[in-house]
Amino acid sequence: MKTLFQKIWERHEVVPETVDTPAVLYIDLHLVHEVTSPQAFTMLREQNLKVRRPELTLATMDHSTPTRTEQVFGGAPITIDSAARQIAELERNCTATGVELLNLRSDLRGIVHIVGPELGLTQPGKTAVCGDSHTSTHGAFGALAFGIGTTEVAHVLATQCLLQRKPKTFAINVGNSLPAGVSAKDLILAIIGRIGVNGGTGHVLEYRGAAIRALDMDQRMTVCNMSIEAGARAGLIAPDEVTYTFLRGRARAPQGAAWERAVADWRTLPGDAGAGFDCEVTLDGAAIEPMITYGTHPGMVMPISGAIPTLRDDPVFDKALKYMGLHAGAPIREQPINVVFIGSCTNGRLSDLRSAAMLLRGRKVAPGVQLLVVPGSQQVKKAAEAEGLDRIFIDAGGEWRESGCSMCIGMNGDNVGAGQYSVSTSNRNFEGRQGQGSRTLLASPATAAASAVRGKVTDPRELLNG
Amino acid sequence: MEPIKIIEGRTAVLPYTNIDTDQIIPARFLRTTVRAGLGQQLFSDWRYDAAGQPKAEFPLNQPAAAGCQVLVAGRNFGCGSSREHAPWALLDYGFRAVISTEIADIFRSNSLKNGLLPIVVDEANAQWLLDHPGAPVQIDLERNLVTMPEGRTTSFQIERFARYCLLNGVDQLGHLLQQSPAIARYEAAHGLRPA
């Protein structure tokens, strides 16, 4: 009896692990971006090595890229020189090695973890890696996907393999179904709150149960995306009809007879009944509320209707609250905010934008609040514009940009100011994550949109019912 | 890479849990295409004020911390982003080892590939180290042993292959490249054309 993880792992063992050596694990999909790859390509050049499998490698640019249309498509220079150099370096490296690049002006470009699934490259049973911790996103398809460092990027470029010790397994069972107004983002924040930011260290999470099965692929990606915020390198959801329906007909998914063969194979991947996990927790999906973070890591999270916890004699907790300018025991609702960011590899897909637009339609952003909406890819942008979502955001007083990581990581000039409060659909509320001194409150797209309208932290159900 | 057998030096202490890699090296410094020079920006937002002046109260800015080679920190050090710039920055600054009760997976993996020792010790010894900044310690990789003052010692584990590579100055990529016949067999068995 084997779990989904064990089946994928065994399929990719080029050389099994021994006491003295890690396994040599084959990688089916290597995604590359401009920030964590330049030094890896340099390592290859220094050792006179070539890219072993350019056809299993795809590069895009997302982290340091501008989101202002004139800087992407011409008319204005990229304002940050170091970003422009990084973009040019990736272009040179891809040209020299034969790696396909979705360049700045490509209509297929986007955040690396949105592009892979969108093209149909992310598939059940594959191993996928990228020099980016949110590679766990691709686990939503039943792919074993994890973030790696730059030296390992060089390893995969040169050998298409990684040296890995087999991680342990951790089942996250979520029963029942999520209530109305509660999203996959609230679910994963609740899970991180339950197991802690180091709860998944050394483990691959597998999300299971009725509440998980009921999620669409966008929502499943949101859940798997934040596995790393619980310390786990990877999160998995077993493939099912929802997965196959999403992938069918996508440009780089198998086609025709190959598609039928692939699906037949994918159906053998889900874990065998009774296969054991090293660790297991169970949550009731029906009991989950809209969640929001109040501190400086994603485990400092609370139901939006609740009070900020009180921890006595914990200087690290006190330091976090001081940084946030928030007080133990106080409610988080009604906290005035300055910025709302809707986007990122966590919540930058079409359904996320729809969920935000539903609350912003016919409403205005509160005076003094900046609303920045950044689609996760150029394809998401095009699809959103085709159904008029861009007009809803602009009419509400928001900004609508070209795709990229943008204000999630603040590398491209899209920053939150010092001391300002941001309700953000991104994945990290670390000190300074969205800009030096920025104060991030992580939440769902619906909570972010409702908070933009009121200018303060708002339970989206108030607007949904109002 | 130079072989690593013994590291001897004094500790600097950051008594915080969950120090993420965004604190170790903020994202705005990742717009670089080289590895060198990141020590300048290590813990930048904790080290410097808005005017770029060192904050006197930050542990690494205190005179006693000058030249320290071992960083002691609270549980779950190095969580968050996979940026290898974090161990690059720590090494460039002069650190050669990090000691905590728990070290995040990707940071640990990245550190081992660059010769920064990620040392996990038990709560009691970690607390002693947190309480004694500036303590001279010896980390003996051959004996898997940390020796502290007052005759205090504790053992640690490092993944066997990574430890072998560190002790012998072996690059892990070299080992992977030696696997090319097995990799080629795997590819042929899975219908991939020869590389």
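Of the 466 residues in chain A of this predicted model, 60% are buried (20 or more other C-beta atoms within 10 Å of the residue's own; exposed means 12 or fewer, partly exposed in between, with C-beta atoms placed from the backbone). A compact globule of 466 residues would have a radius of gyration near 23 Å, and the 21 Å of chain A agrees with this. The radius is taken over C-alpha atoms, and the globule rule is 2.2 Å times the number of residues to the power 0.38. Along the principal axes, the C-alpha atoms of chain A fill a box of roughly 55 × 55 × 50 Å. Contacts require C-beta atoms, placed from the backbone, within 7 Å. Among contacts in chain A between residues at least 6 apart in sequence, 76% join residues at least 24 apart.

Chain A holds 18 helices and 19 strands. These are DSSP runs numbered from the N terminus: helices are H or I with at least four residues, strands E with at least two. Residues are numbered from 1 along each chain as its sequence is written, and chains are lettered from A and ligands numbered from 1 in the order in which they are written. Local features need pLDDT of at least 70, side-chain atom pairs count only at pLDDT 80 or more, and totals for chains, interfaces and linings use all residues.

Three domains divide chain A: domain 1 (4-164), domain 2 (168-240 + 264-287) and domain 3 (291-458). The bounds come from an automatic or database domain assignment. The centres of domain 1 and domain 2 of chain A, taken over C-alpha atoms, are 24 Å apart. Between them, 19 residues of domain 1 of chain A contact 23 residues of domain 2 of chain A. On the domain 1 side, α1 (4-11), α5 (112-119) and β7 (144-147) of chain A each supply at least two residues. β7(A) gives the most, with four residues. By class, this side has nine nonpolar, nine polar and one charged residues. Ala, Val, Leu, Ile, Met, Phe, Trp, Tyr, Cys and Pro count as nonpolar, Asp, Glu, Lys and Arg as charged, and the others, Gly among them, as polar.

The contact between the chains takes 54 residues from chain A and 44 residues from chain B. On the chain A side, the elements that give two or more residues are β1 (13-15), β2 (23-26), α2 (38-46), α4 (81-97), α6 (150-159) and β8 (161-164). α6(A) provides the largest share, six residues. The chain A side divides into 20 nonpolar, 23 polar and 11 charged residues.

Strand β2(A) is covered on both faces. A:A23 and A:L25 are buried on one side, A:V24 and A:Y26 on the other. Strands pair if DSSP finds at least two bridges between them. β2(A) runs antiparallel to β1(A), joined by two bridges. A:V15 has A:V24 as its bridge partner. β2(A) also runs antiparallel to β8(A), with four bridges. There, A:A23 is partnered by A:Q164.

Helix α12 (residues 315-324) of chain A has A:A320, A:L321 and A:M324 as its buried residues. They lie on the same side of α12(A) because they cover an arc of only 95 degrees around the axis, as given by the directions from the helix axis to the C-beta atoms. An α-helix has 3.6 residues a turn, so residues three or four places apart point the same way. The buried residues of α12(A) pack against β19 (439-442) of chain A. A:P315 and A:K322 are exposed on the other side. Just after α12(A), A:G325 takes a positive phi of about 70 degrees.

Notes
Contact = placed C-beta atoms within 7 Å.
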